[in-house]
Amino acid sequence: MEKTLTIDGRQVPFKSTGAFLLRYKMQFKRDAIADIYKLYNSVEVNPETGKEEINIETLDLEIFYNLVWTLAKTADPNIPPPLEWLDSFGEFPLVEILPETMDMMMSCLT
């Protein structure tokens, strides 16, 4: 699954492949499946609007940034390490990026 998002005025490609979970494990020494579920559980559906909303109290930003970086690295092996890559953005709108990438993360589990 591939997707390109506009972040801070740049086109940023993201990709989920069979290697996504292994790449995450190699880079961050964490279980990607457990982290994806933890991130997934921080997204709730508002019963009044039916829209997905992020529960800031349960959201682990480190997991979010690591998973999103791994999706970007899978799409473009030439991107820099996570902190350098994140520092290259003046804005990184979590509320817009998380819903757009969550389906990509979940696709490797189904």
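Which helix does Y40 lie in? Hi everyone, let's start there: Y40 belongs to helix α2, residues 32-40. Helices here are DSSP runs of H or I with at least four residues, and strands are E runs of at least two, numbered from the N terminus.

A quick note on the model: it is predicted, so local features need pLDDT of at least 70, side-chain atom pairs count only at pLDDT 80 or more, and totals for chains, interfaces and linings use all residues. Residues are numbered from 1 along each chain as its sequence is written, and side-chain values use heavy atoms, leaving out hydrogens and water.

On confidence, the chain's mean pLDDT, the predictor's per-residue confidence from 0 to 100, is 91. The lowest mean, 80, falls in strand β4 (residues 52-54), and the highest, 97, in strand β2 (residues 10-15).

Back to Y40: it counts as partly exposed because its relative accessibility is 40%. Buried means under 20% relative accessible area, exposed over 50%, and partly exposed in between, with a 1.4 Å probe and protein chains only.

Now, please look at W69 in helix α3. This residue is buried, with a relative accessible area of 3%. Setting aside neighbours within four places in sequence, W69 has contacts (heavy atoms within 4.5 Å) that include Q27, F28, I79 and W85.
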